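Here's a quick tour of a protein model. Have a look at the fold first, then read on for the ligand shell, the domains and a pair of packed helices.

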Amino acid sequence: MKENKFYQEYAYYYDFICSDRKKDVEVLKKLIKKHKKSKGDKLLDVACGPGLEDKYLKEDFRVTGIDLHPGILNFARNRNPDINYLIGDMRNFKLNEKFDVITCFDAMCHLRNHKDVSMTLKNFYNHLAKGGVLIFYIDDHILKKHFKEDKIVVTQKTKGTLKVILIEIYHKNQNRIESNVIYWIKEKGKTRIEVLPTDYLGFFEVSKIKKMLNKLGFKAYLYSTDKETTFSTRSYTKKSLSPIFICEK
Ligand SMILES: C[S@@+](CC[C@H](N)C(=O)[O-])C[C@H]1O[C@@H](n2cnc3c(N)ncnc32)[C@H](O)[C@@H]1O
């Protein structure tokens, strides 16, 4: 898989602009408690990025993190020096252990097609203990059902002498999503604009993913997110945004 500048060269700004995940992780812990039957407390956070969820997950679990980009893992290691972080591709990493919980947030979009999703879910299944749970969510902007042409997401943050505005534009091109990312950065009074190379994201269907999970032997439950990607314990309905998949093995 091609290196993504967003998580390498621009990892500093990505880490800076990300929001705290305390509230999401509180919801997540409730969902894990409801669905996990295995007795252990080993959790693998796949595509962990800068370790924002791990900061709170480690209060209850023995966490291992894995991500494709060493640049972003530096931020995870700084945030959580007590966690073991590894470099690996979600589609084919191989660890000689099984986990009670596997999480994967805001990252399946980087898989380009349903074949890669299938390979990834199989890999997760193989690393999960019996009675364990897999939890992931899929952003609504890469779901066929929800897609809005030329969707624009703007995020901004100011702290001290640094102000960052991140603009993400999602556009459909045949059977994939083109993602354009622009950073406006004001640092110590000087401004600059950075335009990242176009990235390509998958374009998925919830029903196909459900079928894959069933075929592998998972029992899948779907929950809703409120306002884009805030986790909730409400079941997924046709009106929901991004679905959270909780899959029991
Ligand atoms: C939007 S970030 C999400 C990070 C974190 N899970 C969170 O919710 O804050 C997506 C992450 O997926 C990682 N990633 C992309 N493709 C990957 C792959 N094939 N295997 C593992 N990690 C991958 C990126 O390096 C990045 O850290």
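Predicted model: local features only at pLDDT ≥ 70, side-chain atom pairs only at ≥ 80, totals over all residues.

## Around the ligand

Which residues come nearest to the ligand? Out of the 19 around it, they are Ala47, Gly49, Met90, Ala107 and His110.

## The chain overall

Counting up the secondary structure, you get six helices and 13 strands in the chain. Its radius of gyration is 18 Å, close to the 18 Å that the globule rule gives for 249 residues, so the chain is as compact as a globular protein of that length. Along the principal axes, the C-alpha trace spans about 55 × 45 × 30 Å.

## Two domains

The chain divides into domain 1, made of 5-143 + 202-248, and domain 2, covering 151-201. Their centres, taken over C-alpha atoms, are 23 Å apart.

Where the two meet, 13 residues of domain 1 are in contact with 17 residues of domain 2. On the domain 1 side, the touching residues come out as eight nonpolar, three polar and two charged.

## H5 against H6

Two packed helices are described by the angle between their axes and the distance between the axes. Helix H5 (residues 114-126) packs with helix H6 (residues 206-216) at an angle of about 35 degrees, and their axes are 10 Å apart. The crossing of H5 past H6 is right-handed.

Who touches whom? From H5 come His114, Val117, Ser118, Leu121, Lys122 and Tyr125, meeting Lys208, Ile209, Met212, Leu213 and Leu216 in H6. By class, that contact has seven nonpolar, two polar and two charged residues.

Technical notes
Residues numbered from 1 in each chain as written. Domains from an automatic or database assignment. Contact = placed C-beta atoms within 7 Å. Nonpolar A, V, L, I, M, F, W, Y, C, P; charged D, E, K, R; others polar. Near = placed C-beta within 6 Å. Axes fitted to C-alpha atoms, helices over the stretch in contact; angles between N-to-C directions. Helix = DSSP H or I, 4+ residues; strand = E, 2+ residues; numbered from the N terminus. Left-handed = near helix turned anticlockwise from the far one by under 90°. Rg over C-alpha atoms; globule rule 2.2 N^0.38 Å.
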